[in-house]
Amino acid sequence: MTEPAPPPRLTIAMRCALPMAHVQLPPGYDVRPLVASDEGALGPLMADAYRGGVEDHGESLDYHREEAHKTLIGGFGAVLWHASWWATRAGLPVGASIVTDWAEHNETGLSFALVHPAARGNGLGAALIADSGHALAAAGHRDWVLAVVPENPAVRLYERLGFRAFDPHGTS
Ligand SMILES: CC(C)(COP(=O)(O)OP(=O)(O)OC[C@H]1O[C@@H](n2cnc3c(N)ncnc32)[C@H](O)[C@@H]1OP(=O)(O)O)[C@@H](O)C(=O)NCCC(=O)NCCS
């Protein structure tokens, strides 16, 4: 049975111009394009990445498995497979950046940036996000956007990478 969705949180919208600066992949990690068959590992990675964070409302592993399925079938906009990345260390999944087509907003969005807690703070998240930005730039995109709750420490990372808050309603 589907669990009730967690309560909606206020988010800020951030935009980043492309191309963006190169970020070196830290040693010891392998990165390849995300593929549909990563779904089985994506749910547990989402559960591990969100556990204890500002967006954790106690969701179960099944909830995250459903989120992974929803993501990869286009529930957050069609996945841009050429710009979405999957990172492993010693063959085990440790991170992902997932870009989707936010067609209803006429934007391209970073829907998920995830790094396993055991792999954090090494620059993997920055490298995955920058690789997504490079792939988008190579495909002709001029910018991309994301939405994040302001309490998420990821905001600092996004700012460092060149994302800036903007008013998605265009009133400022
Ligand atoms: C955001 C995230 C992908 C960054 O991965 P990472 O490999 O640690 O990133 P980097 O090593 O390149 O950069 C570290 C930066 O991440 C941010 N950060 C640190 N802890 C974090 C946390 N628990 N959650 C989110 N961001 C964090 C900080 O800006 C940090 O920089 P600082 O040390 O200068 O403050 C990872 O922390 C994560 O998976 N968080 C949980 C999921 C999430 O909230 N994703 C973003 C919204 S979808």
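Let's start with Ala17. Ala17 is partly exposed, because it has 13 other C-beta atoms within 10 Å. The cut-offs: 20 or more other C-beta atoms within 10 Å means buried, 12 or fewer means exposed, and partly exposed is in between, with C-beta atoms placed from the backbone.

A word on the model. It is predicted: local features need pLDDT of at least 70, side-chain atom pairs count only at pLDDT 80 or more, and totals for chains, interfaces and linings use all residues. Residues are numbered from 1 along each chain as its sequence is written.

Back to Ala17. It sits in strand β1, residues 12-17. Helices (H or I, at least four residues) and strands (E, at least two) are DSSP runs, numbered from the N terminus. What does Ala17 contact, leaving aside its neighbours within four places in sequence? Asp143 and Gly162. Contact means C-beta atoms, placed from the backbone, within 7 Å. Gly162 is 145 residues from Ala17 along the chain, yet their C-alpha atoms are separated by 7.4 Å.

Now the strands. β3 (residues 85-89) and β4 (residues 92-102) run antiparallel, joined by five bridges. Two strands pair if DSSP finds at least two bridges between them. Ala87 stands opposite Gly95 in β4. The two strands form a hairpin with two residues between them, and Ala90 in the turn has a positive phi of about 50°.

β4 also runs antiparallel to β5, with eight bridges. Here Val99 stands opposite Leu110 in β5. This hairpin has four residues between its strands, and Asn106 in the turn has a positive phi of about 60°.

Next, helix α1. Its twelve residues should span 16 Å at 1.5 Å a residue, and its end C-alpha atoms are 17 Å apart, so the two agree. The expected span is 1.5 Å times one less than the number of residues. Which residues of α1 are buried? Leu42, Gly43, Leu45, Met46 and Ala49. Their cover includes α2 (61-72), β4 and β5. Just after α1, Gly52 takes a positive phi of about 80°.

Last, the ligand. It is surrounded by 21 residues, the closest being Val115, Arg120, Gly125, Ala126 and Arg156. Near means a C-beta atom, placed from the backbone, within 6 Å. α1 (39-50), β5 (107-115), α3 (124-138) and α4 (154-161) each supply at least two residues of this shell. Which element gives the largest share? β5, with four residues.

How values were computed. Two residues are in contact if their C-beta atoms, placed from the backbone, lie within 7 Å.
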